[in-house]
Amino acid sequence: MRQTRLAVCVWSFLCLGAYAAHSSDASLYQSKLWVAGNIRSVMLASIRTSWEQGTAVGAILEFDDPEYSVFGSSPFVSDGKFPLSTLQLAYSAVVRQSPDGRLSQEIGDALDGAALDGASAGSAVLLGSFTDASRHNYWLDAANAQLNFLLNVAPRTSTGAISHRIDSRQYWADGVYMGFPFIAYFGAVTNNATLLQIAYDQCRLYRDALILDGPTGKLWGHIYSDDTKAWIDEGIWGTGNAWAALGMLRVAVTIHKTEHSSDMAPQIANLTSWIKEILDGEFASLGSDDLVPNYIIGGPSFPDAASSAALASVAYRAAHLFPRKFHRNYTHVAAKIRDAVVGNVTNLGTLQPITDPLPDPFPYWNQTGLLSTESQAFGLMMLSAWRDWIDA
């Protein structure tokens, strides 16, 4: 009896401690909402290209309409709420869809040369098919055209991976976020296990092509050409690894929230192990400023708030969804990164320091910049993930 009472007392103490910690975090989160608003507005003011459109709508979905994010409780059916801000960005992606099915392409001189980037807005477009009844066919037709492009038009590498580029066969770490979560999401919405498996397989093929033994663990190189069988960028780029972790997390969670979760438990376990691999390697490189470097090897190592924020968002989400694999050390590091990122946000709401996203001179990821849509989106994703982890 005494042991039972002691156990109850210890459990109560731990629960009260956890409650107090979460309550404190919730208050801190509320105090930073104005920062989130500034980050959000700058992001919306800076969109130009297809991958930026898709990354921005993903961030808006998580921040404004979290119930429809794949991290929500029932993300694949309508709960009656109209996700206005998400569909506004999705609408722009469809209006600028190219004849071959790629979303967000018709801008500037038209096509942007990427095979996967347009699909980054695909999940938000398909969301419209079951939340906006008046345009059901409009949204569904656009999503089907984008899926058809990925599965039947885009070039394939020698292993069967969907190339990140349209005019050559290349693996970019970025592509894991751009294309494969949409394929998984389409599979979840339509209850198509084949699409869920394809999304997993694509993540696996990209990892097989890009994984390296780095100084802090196994991490991903940035760009590999299947045409020449040579690296274009063998550097371990922080943002590239963040893109890969973000994409694999979304694929894993999407599969996990379908009725095929049990049958695909090995695939989920692999994806979460590969995410952990990236977090372990990147967090081991954390600097004294609590930011990860732009490159661990192979490029300039200035601190990068963008990839740091993206990785912190992954840590919060993974710890919330898969706590047995991602213990509190991950959220401890995420909190340090969060404070560093938020502390460096400028009075205009921009994240600093960041990698320059502008296309000239190539390679643009080798220098610091002033404004980046993806950086702003990563910051918003981090704050959304923090909010959901503490249930604020």
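Where is the place of D132?

1. This is a predicted model, and the remarks that follow should be read accordingly. D132 sits in the loop that lies between α5 and α6.

2. With a relative accessible area of 5%, D132 counts as buried, because buried means under 20%. Its side chain makes a polar contact with the side chain of S134, at 3.0 Å. When residues up to four places away in sequence are not counted, D132 touches F82, L87 and W139.

3. Helix α4 comprises 12 residues, 84–95.

4. Several residues of α4 are buried, namely S85, T86, L87, L89, A90, A93 and V94. L87, one of the buried residues of α4, is also touched by D132. The partners against which the buried residues of α4 pack are α2 (33–45), α3 (50–64), α5 (122–131) and α6 (136–153).

5. The largest nonpolar core has 122 residues. Those that touch the most other members are F180, Y206, W220, M248, L271 and L279. Another core, of five residues, lies apart from it; W172, W237, Y295 and W365 are among them.

6. Leaving aside neighbours within four places in sequence, M248 is in contact with V176, C203, W220, L271, W274, I275 and I278. Of these contacts, W220 and L271 are also listed with M248 among the residues that touch the most other members of the largest nonpolar core.

Definitions and conventions: Residues numbered from 1 in each chain as written. Predicted model: local features only at pLDDT ≥ 70, side-chain atom pairs only at ≥ 80, totals over all residues. Heavy atoms only, no water. Helix = DSSP H or I, 4+ residues; strand = E, 2+ residues; numbered from the N terminus. Expected span 1.5 Å × (residues − 1). Buried < 20%, exposed > 50% of the residue type's maximum accessible area, 1.4 Å probe, protein only. Contact = heavy atoms within 4.5 Å. Core = buried A, V, L, I, M, F, W, Y, C linked by side-chain atoms within 4.5 Å. Polar contact = N/O pair within 3.5 Å; in protein donor to acceptor, adjacent residues only side chain to side chain.
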